[in-house]
Amino acid sequence: MASSSTPLETGAQGHAHNPNLQHHFYSMSQQLEASTLGMWVFLVTEIMFFGGMFMAYIVYRITYPEAWVLGSHHLNVGLGALNTGVLICSSLTMALAVRSAQVSSRKGQIVNLILTIVFGATFLVVKFFEYKEKFEHHLVPGPHFDMTLPDAGQQQLFFSLYFMLTGVHAAHMIVGIGLMLVILTMAIRGRFSSEYYTPVEISGLYWHFVDIVWIFLFPLLYLLGAHLAAHGG
Amino acid sequence: MSDVAHTQDSYLGPPYGLGAWLLTKDHKRIAILYLISITIFFAVGAMFAAGIRLELLTPKGDLWTSDTYNKLFTLHGVVMIFFFLVPSIPAVLGNFLLPIMIGAKDLAFPRINLLSWYIYIAGAIITLTAVFTGGLDTGWTFYVPYSTLSSHTAVTTAAVGVFITGFSSILTGLNFIVTVHRMRAPGMTWFRLPLFVWAMYATSLQMILGTPVIAITVLLVAAERFLHLGFFDPSLGGDPVLFQHLFWFYSHPAVYIMVLPGMGVISELVAAVSRKQVFGYSFVAFSSLAIALIGFLVWGHHLFVSSQSIYAGLVFSILTMLVAIPSAVKTFNWTATMYKGAVTWDSSVYWVIGFLGLFTIGGLTGLFLAAMGMDIHLSDSYFVIAHFHYIMVGGSLMAYLGGLHFWWPKMTGRMFNDTLAKASAVLVFIGFNLTFFPQFVLGYMGMPRRYHAYPDEFQVLNVLSTAGAGVLAVGYLLPAFYLTYSLFKGAKAPANPWGAKGLEWTVPSPPPTFNFESDPVVNEPAYNYNPGREVHVG
């Protein structure tokens, strides 16, 4: 958050002036509360955003359970599980980065943020190989889709949702990594301390949210085939 | 605007220059940026409307081809809804007033506020690109499978434009919610908030909950067209009705996103012109939240004739009628406020009364459409067109203009010609009724929407409607002249030209950059016109 250069400091009575306090807030705690609430509200909009796709998923899954089993079997559960683990680790390092900022440990912030970025990048690399595999097996919807598959049209619907859900999720990961690079730069410059750690905290909220979306996507897309096959849909 | 005289530290004062305005983080300057942009889009949308009305002057489709006509009504809808009505009151009046009304120096996130304007402009430019690269002929509703499989126009571009613009709306809503929660001045309790702020809060809730859904929906349409993913394609087993559900999940609440801010404006104006506390303050406040809540549960009334189950239809029909309750609470309370009030016959009263009349007609005809049997007859007819124009144009636009006049002295520091303002309000009221009342009759007689030709027997009413549109145009053009004139030649506005209550009237006109010279403390309820008779709530 840019420091303010305004002459107006009337709002800061009773508080030692902190250069990170923006002019329109009375206190650092008001600023932290506002930023945190802002991020939570933003995450609500994200839930609604993914919600539209989950709605489509639910409707078609109920309508075409067989195609969903067939489609799910094409997904690589091993790679999906690996990515789930990678993201859970990244959430841990993210939480540790926030903790490091709160206890004013610059080194802890830098190490944990770098680890978070590395885990995020690993996720995307694995995702890339998964997409590549789908492309090679003609499972990407469109003119190249393998129409010899059973229930090909409905499976194409499954893969449309698969690519849309995981694609939008991956886009969020990329944004998240960009965000982490910014936070990392600020951390290296020593911007955060127990006095001021708002950006680390709210970026962390975003990061955890993106992880949680994946925690939903993994069973719904990858494990569903096994589940439905075992319990007869 | 830089030659407006102002106090030393007015927000219109230094720093001058385009750069200082385009990079400003001041909510008041951003409001002005929005004001200029939405006015331009209103003019663009009005041009498309003029094209529609001119075509309908004669029964034969002789002015435009049917393809051109399809593009005209589509672009009229897209521009007016996404680029004028949705941002109008929140982004202009809300941006300017909300922080001042609650005693804050700015919105909680000034940079996000500026970002939302840039996102709006980016979305608008992309959508306008669609106009010049093949147009758009799907109707503003983008219904599949026509929009994904058949239309040869620039659907993908327009969808991306609408998708981007949605985020501008989301960020505005987010900013307002956090601001109302966290930025209120000491003593400004929830039940001392001006009703405009309550309305903005309710609108913001709808913006943040609804807009993401339309964003993902148009993104799915764009992906279906562009990447050949199939979500709604019946040949793959996809369900076009699912699109309608997702679309209206936002687009019905969007109606309230457009009208709730108008209701907030009217609450302020009613109190100011009647010199009375708004009758039943807490009822009016909670009715905004009730409209926001129920508004999310009624989208299915757009699907009465789209193969929706009859039981779902029944539930949606009942829920839709429930919206009439909080709407009526507001209308009755406004009327009760004016009753025995010391009504001053400024131009503001004209806009208020115009709003009350038009909104009531719009609301009552909504009940016709909520009744399923009636709706089967009226669906997709001009009755529907007339109904929603009464709400959106008669209601929201009238309130927007009323609010713009009411706060114009505050925003610009100049007084406008009140007589011309009254003339404008009367012209808009007459022109509006002349334009749209005949359309109720046309719709009832069976004239369908979205056709460029019609049987001869409908001509008289259509001529009346087009003539009314001409009167309406004059009514809208007048303010453009006398308000602009006031910027240069208008008398200097005092801090409180209308003798109204509210923190915004305690600061100079135009307000200083940081709104208040000293941090405000609030120790009285809203609209405390008669301190002896104050009503305590909450």
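## A walk through chains A and B

Start by selecting Pro110(B), Asn113(B), Leu114(B), Ser116(B), Trp117(B), Ile119(B), Tyr120(B), Gly123(B), Ala124(B), Thr127(B), Ala130(B) and Val131(B): these are buried residues of helix 4 in chain B. Keep in mind as you go that this is a predicted model.

**Stop 1: helix 4 of chain B**

Now widen the selection to residues 110-132 of chain B, which make up the 23 residues of helix 4. From the first C-alpha to the last, helix 4 reaches 34 Å, close to the 33 Å expected at 1.5 Å a residue. What covers its buried residues? Show helix 2 (27-55), helix 3 (66-101) and helix 6 (155-182) of chain B, which are included in that cover.

Next, pick Tyr118(B), which also lies in helix 4 of chain B. Is Tyr118(B) buried or exposed? It counts as exposed, because it has 12 C-beta neighbours inside 10 Å.

Then step off the end of the helix. Just after helix 4 of chain B, you will find Gly134(B) with a positive phi of about 115°.

**Stop 2: a cis proline in the loop**

Carry on along chain B to Pro145(B), in the loop between helix 4 and helix 5 (146-150). Zoom in on the peptide bond that joins Val144(B) to Pro145(B): this bond is cis, with omega near -5°.

**Stop 3: the nonpolar core**

Which residues touch the most other members of the largest nonpolar core? Select Leu161(A), Ala159(B), Val197(B) and Val218(B); the core they belong to has 231 residues. As background, nonpolar side chains tend to be buried together in soluble globular proteins.

Centre the view on Ala159(B). Leaving aside residues up to four places away in sequence, Ala159(B) touches Phe142(B), Val218(B), Val221(B) and Ala222(B).

Now move to Leu220(B), in helix 7 (residues 195-226) of chain B. Leu220(B) is buried, because 26 other C-beta atoms lie within 10 Å. Not counting residues up to four places away in sequence, Leu220(B) touches Phe231(B) and, from chain A, Met164(A). Thr148(B) is 72 residues from Leu220(B) along the chain, and the C-alpha atoms of this pair are separated by 9.7 Å.

**Stop 4: where the chains meet**

Colour the two chains separately here. How many residues does each chain give to the contact? Chain A gives 33 residues and chain B gives 36. On the side of chain A that touches chain B, helix 1 (28-63) and helix 5 (152-188) each supply at least two residues. Helix 1 of chain A provides the largest share of that side, with 17 residues.

While chain A is on display, select His138(A), in the loop between helix 4 (106-136) and helix 5 of chain A. His138(A) is not a glycine, yet it has a positive phi of about 55°. With 13 other C-beta atoms within 10 Å, His138(A) is partly exposed.

**Stop 5**

Return to chain B and show helix 8 (residues 240-274) together with helix 9. Their axes lie 9 Å apart and the helices pack at an angle of about 170°, so helix 8 and helix 9 of chain B are roughly antiparallel to each other. To see where they meet, select His252(B), Pro253(B), Tyr256(B), Leu260(B), Met263(B) and Ser267(B) in helix 8, then Val284(B), Ser288(B), Ile291(B), Ala292(B) and Gly295(B) in helix 9.

Keep helix 9 (residues 281-295) and bring in helix 11 (residues 324-338) of chain B; their axes come within 8 Å and cross at roughly 155°. Helix 9 and helix 11 of chain B are therefore roughly antiparallel to each other, and their crossing is left-handed. Helix 9 makes this contact with Phe283(B), Val284(B), Ser287(B), Ala290(B) and Ile291(B), and helix 11 with Pro326(B), Ser327(B), Val329(B), Lys330(B) and Asn333(B).

**Last stop: after helix 16 of chain B**

Finish in the segment after helix 16 (459-489) of chain B, where Pro510(B) is found. The peptide bond from Ser509(B) to Pro510(B) is cis, with omega near -10°. Asn515(B) is also found in the segment after helix 16. Asn515(B) has a positive phi of about 70° although it is not a glycine. Is Asn515(B) buried or exposed? With 21 C-beta neighbours inside 10 Å, Asn515(B) counts as buried.

Definitions and conventions
Residues numbered from 1 in each chain as written. Chains lettered and ligands numbered in written order. Predicted model: local features only at pLDDT ≥ 70, side-chain atom pairs only at ≥ 80, totals over all residues. Core = buried A, V, L, I, M, F, W, Y, C linked by C-beta atoms within 7 Å. Buried ≥ 20, exposed ≤ 12 C-beta atoms within 10 Å, placed from the backbone. Contact = placed C-beta atoms within 7 Å. Helix = DSSP H or I, 4+ residues; strand = E, 2+ residues; numbered from the N terminus. Expected span 1.5 Å × (residues − 1). Axes fitted to C-alpha atoms, helices over the stretch in contact; angles between N-to-C directions. Parallel < 35°, antiparallel > 145°, perpendicular 65-115°, else oblique. Left-handed = near helix turned anticlockwise from the far one by under 90°.
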